[in-house]
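Hi everyone, thanks for coming along. Please have a look at it on the screen.

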Amino acid sequence: MTARRRHTPTEDRSNGHGGWIVSNFNPTNNQQLNIGLGMTCQDRTPEFKSAVKYIQSRTGNGVAAHNHKASRQAQHSDFMQMAKRIGSDINQTFTKLEKLTILAKKKSLFDDKSVEIQELTYIIKQDINSLNKQIAKLQEFVRRNSSQNGKQMQTHSNTVVLALQSKLATMSNDFKSVLEVRTQNLKDQKNRREQFSQGPLTSSLPPSASSGNSKNTFCF
């Protein structure tokens, strides 16, 4: 009995005898297949490394940008704290100047607060000198960090500095005016004292005393 064989793709059925004939294996086709597989399998390692470097660079730039933004915000916060302290000091000095103004404008001979006026004058002078130095430091702080600040932040910082300088200039001019008023009041007080000490004494004496003939005028 003849054994039957299973038909495979490598076998062709004969038209003549109805039997099975094994087709010949063509090694050329196998070589072509291997060559095709070899051509389609490429080394993508350089591309992978390039992609990794790109992702790392983007991540690094993101971290750097975040750190730069945080640094700018910290610097601006420091600037605003400095400006706030200067503004508070200016307001306190203005309060002292208002008190000095009230005292300096008094014209009474018997209620002159000379000691208090001198103390306030000295303190206000010291305050103004200190404020000038503080504003100069604040301006230098802005200039030193100008390259790291954005345009909008830089404009805002310059505006704040100019506002503080304007307030200090106004206060300095007011202080100068108060000192001028005080100087004039002292002159007026001196004149009144001279008139008070000389005028009434001469008019109250009798004619003989005022003319120099005061001998035997008063009896004790």
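Let's begin with Asn185, which is buried at a relative accessible area of 5%. Buried here means under 20% relative accessible area, with exposed being over 50% and partly exposed in between, using a 1.4 Å probe and protein chains only. Asn185 sits in helix 4, residues 151-204. Helices are DSSP runs of H or I with at least four residues, strands are runs of E with at least two, and both are numbered from the N terminus. Which residues does Asn185 touch, once neighbours within four places in sequence are set aside? They are Ala104, Lys105, Lys106 and Lys107, where a contact means heavy atoms within 4.5 Å.

A quick word on ground rules. This is a predicted model, so local features need a pLDDT of at least 70 and side-chain atom pairs count only at 80 or more, while totals for chains, interfaces and linings use all residues. Residues are numbered from 1 along each chain as its sequence is written, and side-chain values use heavy atoms, leaving out hydrogens and water.

Now the overall picture. The protein chain has five helices and two strands, running β-β-α-α-α-α-α from the N terminus. Of its 220 residues, 18% are buried. The chain exposes about 17200 Å², and carbon and sulfur atoms supply 55% of that; the areas come from the Shrake-Rupley method with a 1.4 Å probe, and for residues only the protein chains shown count as cover. Looking at contacts with a separation of 6 or more, 72% are between residues 24 or more positions apart.

So what holds the middle of my talk together? The largest nonpolar core, which has 24 residues. A nonpolar core is a set of buried Ala, Val, Leu, Ile, Met, Phe, Trp, Tyr and Cys residues joined through side-chain atoms within 4.5 Å. Those with the most contacts inside this core are Phe79, Ile86, Leu97, Leu100, Leu138 and Leu164. Helix 2 (45-104), helix 3 (114-144) and helix 4 each supply at least two residues, and helix 3 gives the most, with nine. Phe79 touches Leu138, Phe141, Val142, Ser157, Val160 and Val161, again leaving out neighbours within four places.

Helix 3 deserves a moment. Its 31 residues reach 45 Å from first C-alpha to last, close to the 45 Å expected at 1.5 Å a residue; the expected span is 1.5 Å times one less than the number of residues. Its buried residues include Ile124, Ile128, Leu131, Ile135, Leu138 and Val142. As a reminder, an α-helix has 3.6 residues a turn, so residues three or four places apart point the same way.

On to helix 4 again, and Leu168. Leu168 is buried, at 4% relative accessible area, and touches Ile90, Ile128, Leu131, Asn132 and Ile135 beyond four places in sequence. Leu168 and Gly87 are 81 residues apart in sequence, with 9.4 Å between their C-alpha atoms. In helix 2 we find Thr101, whose C-alpha is 5.8 Å from that of Val178, 77 residues away along the chain.

Two polar contacts to show you, meaning N or O pairs within 3.5 Å, one able to donate a hydrogen and the other to accept it, with sequence-adjacent residues counting only if both atoms are side-chain atoms. A polar side-chain atom of Thr101 lies 2.7 Å from the backbone oxygen of Leu97. Asn145, in the loop between helix 3 and helix 4, has a polar side-chain atom 2.8 Å from the backbone oxygen of Phe141.

Finally, confidence. pLDDT is the predictor's confidence in each residue, from 0 to 100; the chain averages 74, and 61% of residues score at least 70. Residues 10-23 fall below 50, and residues 213-220 stay under 50 too. Where pLDDT is low, the predicted coordinates should not be read in detail. Thanks, everyone!
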